[in-house]
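Welcome, and please open the structure in your viewer. We will go from stop to stop, selecting a few residues each time.

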Amino acid sequence: MKVPATHPRRALGVLSLLGAFLFVVAVSQERGFVAWGFLLVHLFLDGLDGAVARRYHRRTSGRERAHGQLVDVLSDRASEGILFVIPPFFWPWFPLFLVNILLGFLTLKYQRALIFPLRHLFAIIFTLSLLF
């Protein structure tokens, strides 16, 4: 089943990346709780995008499924790259992000999720840093 260019699944991925970008903008302006809100929006939309992708995954052919999986892994790594490149979060997150890139290739090769949940761990630590 070919996904049209205006399909909500594509919009969710783009909005998720936008949430990650707005998080970085808010952090750079030292607006911690606004940044936290954008991080939560990013994670929610990413989760929703994954749920929608899994639903359509069952109804697609092998080639389209592989393409969708590639797009999902690339968008996840792109959002991590956006989050972890900025100076306050570069260390230790960026080296872990590089490990996730390698694991992303293995995920595509072996068709199994081999990724660290870095964004979720990051959200927990960022939340605790705002509260304490």
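A word to begin with: a residue is buried when its relative accessible area is under 20%, exposed when over 50%, and partly exposed in between (1.4 Å probe, protein chains only). The model is predicted, so local features need pLDDT of at least 70 and side-chain atom pairs count only at pLDDT 80 or more, while totals for chains, interfaces and linings use all residues. Residues are numbered from 1 along each chain as its sequence is written, and side-chain values use heavy atoms, leaving out hydrogens and water.

**Stop one: Arg119 and its partners**

Select Arg119 and Asp76, which are both buried. Their side chains meet in a salt bridge (3.7 Å, N to O); the term means a side-chain nitrogen of Lys or Arg within 4 Å of a carboxyl oxygen of Asp or Glu. This pair links distant parts of the chain, with Arg119 in helix α5 and Asp76 in helix α3, 43 residues apart. Helices here are DSSP runs (H or I, at least four residues), numbered from the N terminus.

Which residue forms a salt bridge with Asp46? The partner is Arg119, with the closest N and O atoms 3.0 Å apart. Asp46 lies in helix α2 and Arg119 in helix α5, so this pair ties together parts 73 residues apart in sequence. Asp46 is buried, with a relative accessible area of 13%.

Is Glu80 buried or exposed? Glu80 is buried, at a relative accessible area of 1%. Salt bridges that share partners join Asp46, Asp76, Arg77, Glu80 and Arg119 into one network.

**Stop two: around helix α5**

Color the buried residues of α5: Leu118, Arg119, Phe122, Ala123 and Phe126. They cover an arc of only 130° around the axis (taken from the directions from the axis to the C-beta atoms), which puts them on the same side of α5. Turn to the other side of α5 to find Ile124 and Leu131 exposed.

**Stop three: the nonpolar core**

A nonpolar core is a set of buried Ala, Val, Leu, Ile, Met, Phe, Trp, Tyr and Cys residues joined through side-chain atoms within 4.5 Å. The largest one has 19 residues; among those with the most contacts inside it are Phe23, Leu39 and Phe126. Helix α1 gives the largest share, 5 residues.

Finish on Leu39, whose contacts (heavy atoms within 4.5 Å) include Phe23, Leu83 and Phe122.

Conventions:
Helix = DSSP H or I, 4+ residues; strand = E, 2+ residues; numbered from the N terminus. Lists of a residue's contacts leave out its neighbours within four places in sequence.
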